[in-house]
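Here's a quick walk through this model, from the way one chain is put together to the way chains meet. Have the viewer open as you read.

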Amino acid sequence: MLRVEATSRVGPLGLDVALAVGAGECLALAGPSGAGKTTILRVAAGLLRPARGLVEADGETWLDTERGIDVPPERRSCGYVFQDYALFPHLSAWQNVAYPLIGVPRRERRARAQELLERFGLGAHADARPQTLSGGERQRVALARMLARSPGVLLLDEPLSALDARTRAGAARALSAVLNDVRVPALLVTHDFAEAAQLGDRVGVIDAGHIVQEGTPTELAAAPRSAFVADFTGAVVLSGTARSGHDGLTLVDLDGGGEITSTDQARGRVAASVFPWEIAIEPVAEAPHGSAQNRVLAEVLTVTAVGNRVRLGLAGPQPLAAEITLASARALDLHTGSRVAATWKAAATRLVAL
Amino acid sequence: MRGWRRFLWFPALLAACLAAALLFLTLPVVAIFVDRSPAELIDSLGEPGALDALWLSLRTTAIAIAIILVIGTPAAYLVATRSFRGRALVITLIELPLVLPPAVAGIALLAAVGPTGILGGTIEALGIELSLTTAGVVVALTFVASPFYVRQAIAAFAAVDRRLLDASRTLGASEARGFLRVMIPSALPGLAAGTALALGRALGEFGATLMFAGSFQGITQTIPLAIYDRFSTEFESALALSAVLVAVSGALLLTVKLVAGAEAMGGWDAADTRAAR
Amino acid sequence: MTRILAVALALAALLAVACGDDDDEGGSNGSGEGGEEQRLIVSAAASMTEALEACASDFGEAEETEVRLNLAGSDELAAQIRQGVEPDVFAAANTRLPDELHDEDLVAQPVEFATNEFVLAVPADSEIKSVDDLRESGIKIAIGSESVPIGSYTREALAKLPPAQEQAILDNVRSNEPDVKGIVGKVSQGAADAGFVYVTDVNATDGALKAIKLPAAVEPEVTYAASTVNGAENPQDAQAFVDGLTNGPCAQALADAGFGSVQQ
């Protein structure tokens, strides 16, 4: 269990957060740049001391400004992955991984580092310098290095943002595997809500130093508490299997039933995404009309007003969120339990290989 | 200016400047080796004073460099990684001996730690003798050469990606360990460059040494002083010693750069730019 | 493009001024109007520093010439002349160097113009009273290096002492300085307890040092000689300067500093 509370003011940025992450759980903090995400991680790691704060991990107090406790970073059991991985350029991959193994005899250090690297599929690169490795390989070395000391808390700073889109998928898988294996609290920050949704069990949206809403990704997408959250939580993500369709389009068989079309090219396991404001709602009874190719039947779970818009949380074969005007919502008389058809264009459907 | 002439004009100027600089810098050095025959030069090296001077120069420079590295490196690290009030002043003070002419450096040393200087009495009371001794030579060399190293070291440490140090701490290494295992290796090319500069300065030091420690064969007469002593009456000997100094300096320079690794060859820090990628 | 040209022109102008500076002097010493400014370069032994600095401008005014003093150990000055440097006048602290250069056809017939007294210099409050006291172990002595006149006079004098005494004193030598000023500096600073210099150097310290005379049997004869340099740019003024060392403002300045006159 990790508890972090911090209040601070650094220049124009005022930080005021309180969060808790359970063992084996990953809390993903998502927010725009400058929102204070990295600051929270640094406070947790001991690299930054807030004006007032509290950090507790596994029963140990690492920081308590009121009682004057401030345990230095090297004595906190944290695993920290930096945005650019901060691998030591003058050391080889295995030496990087072995760096935290202080006091361990030399032969054993190499063996344990090798073992860790092999777990991440990098056994062959043990003697390579970080500069010669690809972005994805470097990310895995950073993860291996972080785990060498069996940390009690994981802190991840934008773990995927340094990677190109193609590598990101594989890296996300590796990271998810790690998060599942290591049953410790994990705190992850990112500017990409989709990444947060994919990796986090819970997501906290952070803006200007405050956590404005916290919950599962679906909850946030379906019932955003503010326009900011609504805009930030972005796309609906559906998983399925893609195959080739007519006219050069791709058909995706959704997990749980249903089929949608996309103009993107992909095959095999994919994540299909579409933005809530591109989803239109129609009564089920109506026959499909217009150019929108995708049509999914769903039941309305939540109706949340956000300014002059309405966010609908829909239960279909997979959870969906749609955003329509208040006027339209009234016109369609939508409420919990209404059965509707969610439609959107194939051209608005993005596919990402999983 | 049309077409090709416009394009060639600037590069030609650059090339001309480089040629002039190279010529100016290398001709005197080459002249040392070419003015007399190698046989004559080697002969005059044999006399005992020459070997004494060489050995003394190497000993005193080695000790001075050792002192500079041991004390200057942590000091430079502190200045480079912490901000504190008066930091700019501290840096200026460290750099001051750089702009002092050797004679002024000699006067300064005398005024500070000479027999009649500020600390002269204290030093004498402790039983330490500095003037006219080899220890005095080491003091003079350390004084004039340390800014060359410390300045480079500060720049080198400041250029290291701070996140590497953060990473080191989150991985369980104390700040001291991070300093030794991450900071120094990362800054090595810059440290090597600074060491090379300090080495050259110390080997060639003349004015401050003469004023502060005097000139006596085997005790305080380093190669530069020996050259000065000989040039009016034994020019061959002076030439030979000069040639030795150039050769030794060149060899030491090369060794330092090789030790620091291939990145040092270029002269600029390459390691830190890679770490960021 | 125009900017680069402008910078280049400025640089060239700067260079021209720097190089051309040697050749035309405008109004430094005295006579500014009418005749061209002549220049006289005098290479003189360091021991004559104070005396010549005092009389140089007087001489310069009288002869409508700017006097430039080049002061260093006589051996160094001789070496410069051998290497092709051409001052107008060479004045040394011994007769050997001018004679050597004359034999090598580099200077005209030397003229002896002054004598000096070779003494032992100690701090004014020193307990050393004579050359004998220098034998004590722990005493630190500064002397001139072998090639500079003060150094050869010193070794000449010490050689006239009983061998045991000579050796004991030489064992106490801690520095071979390139010129008298270095010796004076070491003794004044307290780095050396004693040094062998000329009485004129002790006079110049204005009481900080005191001079101890040597026994007559040991005292070397110190004679200064000067001559004009062959190929000098300003032979007329050069000759006038050399003459003036025995008879003129500089002769007076030398006497004031403590130099003796030559027995003719």
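Two residues count as in contact if their C-beta atoms, placed from the backbone, lie within 7 Å. Keep in mind that this is a predicted model, where local features need pLDDT of at least 70, side-chain atom pairs count only at pLDDT 80 or more, and totals for chains, interfaces and linings use all residues. Residues are numbered from 1 along each chain as its sequence is written, while chains are lettered from A and ligands numbered from 1 in the order in which they are written.

Let's start with chain A. Its secondary structure comes to nine helices and 21 strands; helices (H or I, at least four residues) and strands (E, at least two) are DSSP runs, numbered from the N terminus. With a radius of gyration of 23 Å, close to the 20 Å from the globule rule for 354 residues, chain A is as compact as a globular protein of that length. That radius is taken over C-alpha atoms, and the rule is 2.2 Å times the number of residues to the power 0.38. Those C-alpha atoms fill a box of roughly 75 × 50 × 30 Å along the principal axes.

Chain A splits into domain 1 (2–233) and domain 2 (236–353), with bounds from an automatic or database domain assignment. Their C-alpha centres lie 33 Å apart. Across the boundary, 11 residues of domain 1 of chain A are in contact with 15 residues of domain 2 of chain A. On the domain 1 side, helix 6 (193–199), helix 7 (217–222) and helix 8 (227–233) of chain A each give two or more residues, and helix 7 gives the most, with three.

Now for chains C and B: 21 residues of chain C are in contact with 18 residues of chain B. Helix 3 (74–82), strand 7 (173–177) and helix 7 (180–189) of chain C each give two or more residues to the chain C side.

Here are the residue classes on the two sides, with Ala, Val, Leu, Ile, Met, Phe, Trp, Tyr, Cys and Pro as nonpolar, Asp, Glu, Lys and Arg as charged, and the others, Gly among them, as polar.

| Side | Nonpolar | Polar | Charged |
|---|---|---|---|
| Domain 1 of chain A, touching domain 2 of chain A | nine residues | two residues | no residues |

One last stop is C:A121, which touches C:V184, C:L209 and C:A211, among others beyond four places away in sequence.
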